[in-house]
Amino acid sequence: MNDLIIIGGGPAGVAAAIYAARKHLQTVLITEDIGGQSSVSEGIENWIGSPKVHGQELAKMFRTHLDAVKADVVRLALHERVESLVKNAEGFVATTKNGNTFNGRTVLIVSGAGRRKLDVPGAEKFENKGVTYCASCDGPLFSNQDVAVVGGGNAGFETALQLLAYAKSVTLLHRHKEFKADAVTIEKAREYPNMRILPNTEPMEVVGEQFVSGLKYKDKDSGAVEELPVTGIFVEAGVLPNTGFAAGLVELDAVKRIKTDPHNQRTSVEGVWAAGDCTDELYHQNNIAAGDGVKALEDIYLWIKKH
Ligand SMILES: Cc1cc2nc3c(=O)[nH]c(=O)nc-3n(C[C@H](O)[C@H](O)[C@H](O)COP(=O)(O)OP(=O)(O)OC[C@H]3O[C@@H](n4cnc5c(N)ncnc54)[C@H](O)[C@@H]3O)c2cc1C
């Protein structure tokens, strides 16, 4: 029986695991990987203490820090995906896709979020045939080609900036007139002559024969449907919380994020905490996820000492 099960190895999970090790809480960290969502980023410029760090480098730093402190207190269950989490008389049991089970008196859910898919005709058919969800993985395949980015948040503009390094042109489509991305990131993208930005547009259909040859979209001002001749479509249309395994246990909000008390990261179930992008926290950033993971751990420690 562990004191604590941590589910997820992003900034929230790793920060909590480091604190758990220092407080000698017998912990199992169950995760598919160490690093989390921004591991694919070419450059993270707001991780406190580092002006710029590659996402994979940050993931390595997390692992190094964890290895330095975990001793025999925090056990890693890597490449494991939790599929169910249930309560029993002693605490909680997490079961993974590989059929392994882990017991703990308390649980911290830090399973983050994944990509929202482009939901238009042709998007599924052409996935990995021009439609992609990872610019740093697939971007170089589109050297000297015309590509589109769907999404006007930070992830959309960061993706556009990565692609501008090698694509012939980048056209970014966004559903609304106002962008969600930081002004400084938008300005950086606007400086490129081969960058085109189409606000207030709606993707309608991905077209092609064997591979993508275009993206049909609607201009919401005029109502006209146009076709962009592009061979690559990079989707950055938001995220979906990884909370399916917890849905029967803790209370979720309308968009399936775990409801938490922002004072201490407690969920609706005693003995279960949640932090980071899987929660109804308003702002989704590495530093916030790490901070909320630490906040949860402090509260878990006091709870365990009390019970
Ligand atoms: C491309 C990109 C660039 C970004 N750039 C920045 C940036 O520059 N600065 C910034 O502050 N933020 C950035 N963000 C946002 C930031 O990455 C997130 O806010 C942060 O990663 C959230 O951390 P987390 O620990 O809550 O979850 P995540 O990072 O999503 O980590 C979740 C972890 O849980 C694991 N997991 C998921 N489901 C399960 C399961 N069922 N069983 C076991 N393990 C599971 C995953 O494998 C992963 O290890 C970026 C995001 C993206 C996508």
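Five strands make up an open sheet with parallel pairing, ordered β8-β15-β9-β10-β11. The model is predicted.

**Exercise 1.** State which strands are the edge strands of the five-strand sheet, then describe how β9 is joined to β10.

*Solution.* Begin with the order, β8-β15-β9-β10-β11. The edge strands are β8 (131-132) and β11 (195-198), each of which pairs on one side only. Next take β9, residues 146-150: five bridges join this strand to β10, and the two run parallel.

**Exercise 2.** Work out why one side of β12 and one side of β14 are left without a neighbour in their sheet.

*Solution.* The sheet is open and has three strands in the order β12-β13-β14, paired antiparallel. β12 (201-208) and β14 (225-228) stand at the edges with a single partner strand each, so one side of each has no neighbour in the sheet. From one strand to the next, the twist averages 25°. Now look at the pairing of β13 (residues 212-219) with β14: it is antiparallel and extends over four bridges. Y217 has E226 in β14 as its bridge partner.

**Exercise 3.** Find the residue whose side chain meets that of R175 in a salt bridge, and explain which parts the pair ties together.

*Solution.* The structure holds 20 salt bridges. In one of them, the side chain of R175 meets that of E202, at 3.4 Å from N to O. R175 lies in the loop between β10 (169-173) and α5 (183-190), while E202 is in strand β12; the pair therefore ties together parts 27 residues apart in sequence.

**Exercise 4.** Describe the surroundings of the ligand: its shell, its polar contacts and how much of its area the protein covers.

*Solution.* First, count the shell: 33 residues surround the ligand, and the closest are D33, Q37, N46, V82 and N286. By class, these shell residues comprise 11 nonpolar, 15 polar and seven charged.

Second, go through the contacts:

- An N or O atom in the side chain of Q37 is 2.7 Å from an oxygen atom of the ligand.
- The side chain of N46 has an N or O atom 2.8 Å from a ligand nitrogen atom.
- For E32, a polar backbone atom is 3.5 Å from a nitrogen atom of the ligand.

Third, consider cover: on its own the ligand has 1000 Å² of accessible area, and the protein covers 93% of this. Finally, assign elements: α1 (11-22), β2 (27-31), β7 (113-115) and α6 (286-306) are those that give two or more residues to the shell.

How values were computed: Residues are numbered from 1 along each chain as its sequence is written. This is a predicted model: local features need pLDDT of at least 70, side-chain atom pairs count only at pLDDT 80 or more; totals for chains, interfaces and linings use all residues. Side-chain values use heavy atoms; hydrogens and water are left out. A residue is near a molecule or strand if one of its heavy atoms lies within 4 Å of it. A polar contact is a pair of N or O atoms within 3.5 Å; within protein, one must be able to donate a hydrogen and the other to accept it, and residues adjacent in sequence count only if both atoms are side-chain atoms. Accessible areas come from the Shrake-Rupley method with a 1.4 Å probe; for residues, only the protein chains shown count as cover. Ala, Val, Leu, Ile, Met, Phe, Trp, Tyr, Cys and Pro count as nonpolar, Asp, Glu, Lys and Arg as charged, and the others, Gly among them, as polar. Two strands pair if DSSP finds at least two bridges between them. Axes are lines fitted to C-alpha atoms, for helices over the stretch in contact, and angles run from 0 to 180 degrees between N-to-C directions. A salt bridge is a side-chain nitrogen of Lys or Arg within 4 Å of a carboxyl oxygen of Asp or Glu.
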